[in-house]
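Please work through each task with the coordinates at hand before reading its solution.

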Amino acid sequence: MTATNRRRVLLAKPRGYCAGVDRAVITVEKALEQYGAPVYVRKQIVHNTHVVSSLEKRGAVFVEDTTEVPEEAIVVFSAHGVSPQVHEEAERRELKTIDATCPLVTKVHKEAKRFASEDRDIILIGHNGHEEVEGTSGEAPEHIQVVDGPDEVDKVEVRNPDNVSWLSQTTLSVDETNATVEALRERFPNLLDPPSDDICYATSNRQDAVKEMAAECDLVIVVGSDNSSNSVRLVEVALDAGATSAHLIDTAALMDESWLEGVETVGVTSGASVPDLLVQDLLDRLALSGYEDVHEVETAQESLTFSLPKELRRDLRAEPAK
C-alpha cells in the first residue's frame, strides 16, 4: 500500500457551532431583518472573524463600548455577556438593548450573585481580559478575584479560608480547570463548588472528540480564530492527548502545505463559534492534497437549542402578519 493510499482525515463530531453561538448569530440576523441596518453590536457577537465580517456586510456595526452607539439606537450584547455596569450605561443612554448572552454564561452570572449574597470570596478561574470574565467579575467585583491556571493559586488572598467558592469561564480546558480546582482545594479544603459544572457542554464535547482521535493523528488542524478561547484550547488538548502537531487557522487558505509532509492522518475540528462551511473548505483543500478519505469520530450527540432573547421575540411577535 502506498503512502498516498493511507492518507486519511479524522473529522471530530461534535464540532463547530454550539447552541449559544447559533442563538447569538441568529439574533443579529433577525434584528437586522426586523429593524433594518444599522444594528450595533457591543464587541464581537462571537469570536470568529468570518462571522463578524459576514454580519458587517449585512449592516451590523461592531463597537468596543456602548458609548460609541448613538443614543436611542439598537445594540446587541454579545454571547460572552456583559457586566451590570454596561446594562446601566445603556439604560442611561436610552439604548434599545437585545441581550444575546449565552444562557450558560448567564447561569455563571447568577451563581456569582448568589455566592456574593452569602458574602463569600469567589475565585473565578479564567483568562484576565476575556469578555466573559469581565462580565462575570462585574456582577460582584468586591468578591471576585480571577485565577488563570494552577500556577496563580498561591497568589490568592481571602478573608476566611472556610468561606471560599469557585466559578469558571465556560470555554476553558476541562483538564486545566480541574487542575486549578485541585490546587485551590489544597489551600482551601472547604472550597465550595458551583451547583453544576460551569464548563459549557459544547466546550467539553469538542474537547472529548479531539481527545478520542488525537493519538492517531500526525497533525490536528483546528478551524477557529485566535481570540476564541475554546478554539485555542482545542489545539492544546490535541497536543496533550497525543497529536504529533496541531495548528489553529481561521480559514483553509491559511493552511501551510508543509504541515502535510510525512503526514498520514490529519485530524480536523472547529471551535464552537465556527460555521461548518469553513470546515468544508478545509476538507476540500485537504482532498486536493490526497486526503480524500474522511472518517467522522463521534463522541456525543447534541440537541440543545436556546430561544431568542426575549426583547427580540416580543418585537417579532408584534410584527403584523403579511
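The model is predicted, so local features need pLDDT of at least 70 and side-chain atom pairs count only at pLDDT 80 or more, while totals for chains, interfaces and linings use all residues. Residues are numbered from 1 along each chain as its sequence is written, and side-chain values use heavy atoms, with hydrogens and water left out.

**Exercise 1.** Determine which strands pair with β2 and in which sense.

*Solution.* Strands are DSSP runs of E with at least two residues, helices are runs of H or I with at least four, and both are numbered from the N terminus. Two strands pair if DSSP finds at least two bridges between them.

Step 1. Strand β2 (residues 39–42) pairs with β3 (residues 60–63) in the parallel sense over four bridges. Within β3, F62 is the bridge partner of V41. Between β2 and β3 the chain passes through helix α3 (residues 49–58), and this β-α-β crossover is right-handed; that is, with the strands pointing away from the viewer, the path from the first strand over the helix to the second runs clockwise.

Step 2. β2 is also joined to β4 (residues 74–77) by three bridges, and these strands run parallel. Here Y40 has V75 of β4 as its bridge partner.

Step 3. V39 and V41 point one way from β2, Y40 and R42 point the other way, and all are buried (buried: under 20% relative accessible area; exposed: over 50%; partly exposed in between; 1.4 Å probe, protein chains only).

**Exercise 2.** Explain why β11 is described as largely enclosed, and identify its pairings.

*Solution.* 

Step 1. Six of the six residues of β11 (residues 265–270) are buried, so this strand is largely enclosed by the rest of the structure. T265, G267 and T269 point one way, whereas V266, V268 and S270 point the other way.

Step 2. β1 (residues 8–13) pairs with β11 in the parallel sense over four bridges, with L11 opposite V268.

Step 3. β9 (residues 219–223) runs parallel to β11 and is joined to it by five bridges; V220 stands opposite G267.

**Exercise 3.** Locate the residues of the UniProt feature "binding site" and state whether C18 is buried or exposed.

*Solution.* 

Step 1. The unreviewed UniProt entry places this feature at C18, C102 and C200; such annotations may be inferred rather than shown by experiment. Although spread over 183 residues of sequence, they cluster in space, with a largest C-alpha distance of 10.0 Å.

Step 2. C18 lies in the loop between β1 and α2 (19–35) and is buried, with a relative accessible area of 11%.
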